[in-house]
Amino acid sequence: MSINPLDTEDISSIKQFYVLGTIIQLIVHGDNAEKAIDESIVKLNEIDDKMSVFKDSSEVSIINSKAGISPCVVSEDTYFVIKKAVAYSKLSYGAFDPTIRPVVSLWGINTEHARIPKAHEIKSDMRFIDYKDIISNDKKKSIKLRNEYQSLDLGAIAKGFAADEVKNILVENNIKNAIIDLGGNIYALGNNPDGTLWNIGIQDPIKERGEYVGIVRVQNKSVVTSGNYERYFMKEGKRYHHIINPMTGAPSENGIISATVISEYSIDGDALTTCVYVMGIEKGLKLIESIKGVEAIFITLDKKVYTTTGIRDTFKLTNEEYTYKNKLELEIAK
Ligand code: FAD
Ligand code: MG
């Protein structure tokens with residue numbers, strides 16, 4: 001996913017840097033752009049320090065090291081993200097599950113240790129996956145994982161939270177127009193400075209980065225995509241990617257190769273892309289249609305594009321290799 005290059009003219013300030021395991025790009029228009037960007041970088045590093053599973057000192061790593069032992073008091077931010085993660089686990093009947101970490105580690109996708117685990121290893125580590133074992137205390141803001149060896153991973157939701165926090169910082173600095181791009185997790189603030197809507201390209205999941213399936217035209221919206229094409233390894237012609245189905249302990253395989261969610265808050269969009277990626281087209285569309293103000297675009301391996309009904313005026317299919325299918329066609333085909 002990326003912005004239309006035309007949108008990047010007349011920039012007050014643009015900055016690229018690396019945090020949250022990804023390349024971040026902030027394009028900010030307005031007088032306080034530099035200050036707002038500096039404050040955003042501080043906040044993003046703070047979130048990384050609190051929520052990364054790649055840092056032993058993070059609050060999430062401390063919760064993991066105390067699994068089955070004792071509760072950990074955490075910051076408001078981490079507590080908020082974990083509670084949201086649990087809410088989305090419930091909403092998706094466990095398709096989203098932040099206790100997925102042991103199985104994510106087993107596969108090691110995007111690390112030097114990436115491999116196909118043995119069936120018995122998956123079965124063994126699946127015992128530790130259950131979001132219902134996240135014990136929270138609202139008064140103390142403490143979190144405990146019920147059993148030893150359980151482990152949290154906020155990789156499917158924390159980037160969305162981070163995008164919302166950056167948006168808040170920009171708004172506090174009186175910024176009216178900006179693009180916040182946290183490696184595929186985009187928030188489009190206001191409009192393009194020329195008054196037109198922001199154009200966000202939806203990445204073609206089987207082509208080079210920068211080739212699009214279509215474009216969404218938005219203002220003040222989060223646009224988040226989860227796909228099988230950024231973090232994966234290939235073995236004997238088969239692709240093993242990083243979105244794990246908690247029911248099987250293996251990369252989710254149901255025909256979807258990219259799921260985009262458009263929403264007001266990016267934390268919701270981030271969590272929901274992972275939910276619907278695992279749930280599949282039919283259940284995913286049904287879930288998104290049931291949430292007011294949220295829309296979705298799904299791309300399947302057989303080059304079909306499905307969208308929710310409310311997005312027809314926002315999304316334009318631009319790639320002729322893909323066929324537009326709607327919910328009604330899906331129902332008739334059944
Ligand atoms: P999403 O679909 O939003 O999330 C997929 C990720 O969520 C997977 O990578 C896995 O971690 C987890 N997951 C998989 N299946 C499920 C499921 N069913 N339910 C819930 N969660 C699931 N990457 C690095 O390589 N190095 C780093 O140092 C690093 N630091 C990070 C620090 C923070 C605070 C965060 C938020 C992320 C960091 N990352 C890092 C990236 C992270 O590991 C994920 O790869 C990334 O967040 C995936 O985001 P996505 O939008 O591509 O996919
Ligand atoms: Mg996600």
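# A guided tour of the predicted model

Begin by selecting helix α1 (residues 33–51) together with α6, whose axes come within 9 Å and cross at roughly 155°. This is a predicted model in which local features need pLDDT of at least 70 and side-chain atom pairs count only at pLDDT 80 or more, while totals for chains, interfaces and linings use all residues. Residues are numbered from 1 along each chain as its sequence is written, chains are lettered from A and ligands numbered from 1 in the order in which they are written, and side-chain values use heavy atoms, with hydrogens and water left out.

**Stop 1**

Helices here are DSSP runs (H or I, at least four residues), as are strands (E, at least two), and they are numbered from the N terminus. Axes are lines fitted to C-alpha atoms, for helices over the stretch in contact, with angles running from 0 to 180 degrees between N-to-C directions. Angles under 35 degrees count as roughly parallel, over 145 as roughly antiparallel, 65 to 115 as roughly perpendicular and the rest as oblique. α1 and α6 are therefore roughly antiparallel to each other. Their crossing is right-handed; a crossing has this hand if the near helix is turned clockwise from the far one by less than a right angle, and is left-handed if anticlockwise.

On α1, the contact is made by Ala36, Glu39, Ser40, Lys43, Leu44, Ile47 and Met51. On α6, the partners are Ala158, Phe161, Ala162, Glu165, Val166, Ile169 and Leu170. Contact means heavy atoms within 4.5 Å.

**Stop 2: Leu44 and the nonpolar cores**

Keep Leu44 selected. Leaving aside its neighbours within four places in sequence, Leu44 is in contact with Phe17, Val19, Leu20, Ile24, Ala162, Val166 and Leu182. Leu44 is also, with Leu154, Leu170 and Phe298, one of the residues with the most contacts inside the largest nonpolar core, which has 66 residues. The largest share of this core, 8 residues, comes from α7. A nonpolar core is a set of buried Ala, Val, Leu, Ile, Met, Phe, Trp, Tyr and Cys residues joined through side-chain atoms within 4.5 Å. Buried means under 20% relative accessible area, exposed over 50%, and partly exposed in between (1.4 Å probe, protein chains only).

A second, separate core of 19 residues can be selected next; Trp198, Ile262, Ile297 and Ile311 are among its members.

**Stop 3: α1 against α3**

Lys43, Glu46, Lys50 and Met51 in α1 meet Asp77, Thr78 and Val81 in α3.

**Stop 4: the magnesium ion**

Select the magnesium ion (ligand 2). Its protein donors are Ala156 (O), Asp270 (O), Asp270 (OD) and Thr274 (OG1), lying 2.2 to 2.6 Å from the ion. Ala156 lies in the loop between β6 (142–145) and α6 (158–172) and Thr274 in helix α7 (residues 266–279), so the pair ties together parts that are 118 residues apart in sequence. Donors are N, O and S atoms within 2.8 Å of the metal (3.2 Å for Na, K and Ca); water is not among the atoms, so sites may look incomplete. Ala156 is partly exposed, with a relative accessible area of 21%, whereas Thr274 is buried at 11%.

**Stop 5: α7 against α8**

The axes of α7 and α8 come within 7 Å and cross at roughly 145°, in a right-handed crossing. Leu272, Cys275, Val276 and Met279 in α7 meet Lys283, Gly284, Leu287 and Ile288 in α8.

Lys283 is in helix α8 (residues 281–289) and counts as exposed at 58% relative accessibility. To orient the view, select Ile135 as well: the C-alpha atoms of Lys283 and Ile135 are separated by 28 Å, and the two residues are 148 apart along the chain.

**Stop 6**

Select Asn110, in the loop between α4 (101–107) and α5 (119–126). Asn110 has a positive phi of about 75° although it is not a glycine, and counts as partly exposed at 46% relative accessibility. Then select Lys141, in the loop between β5 (134–137) and β6. Lys141 has a positive phi of about 55°, although it is not a glycine, and is partly exposed with a relative accessible area of 23%.

Finish at Met247, in the loop between β14 (244–245) and β15 (250–251). Met247 counts as exposed at 54% relative accessibility. Leaving aside its neighbours within four places in sequence, Met247 is in contact with Tyr93, Gly94, Ala95 and Met126.
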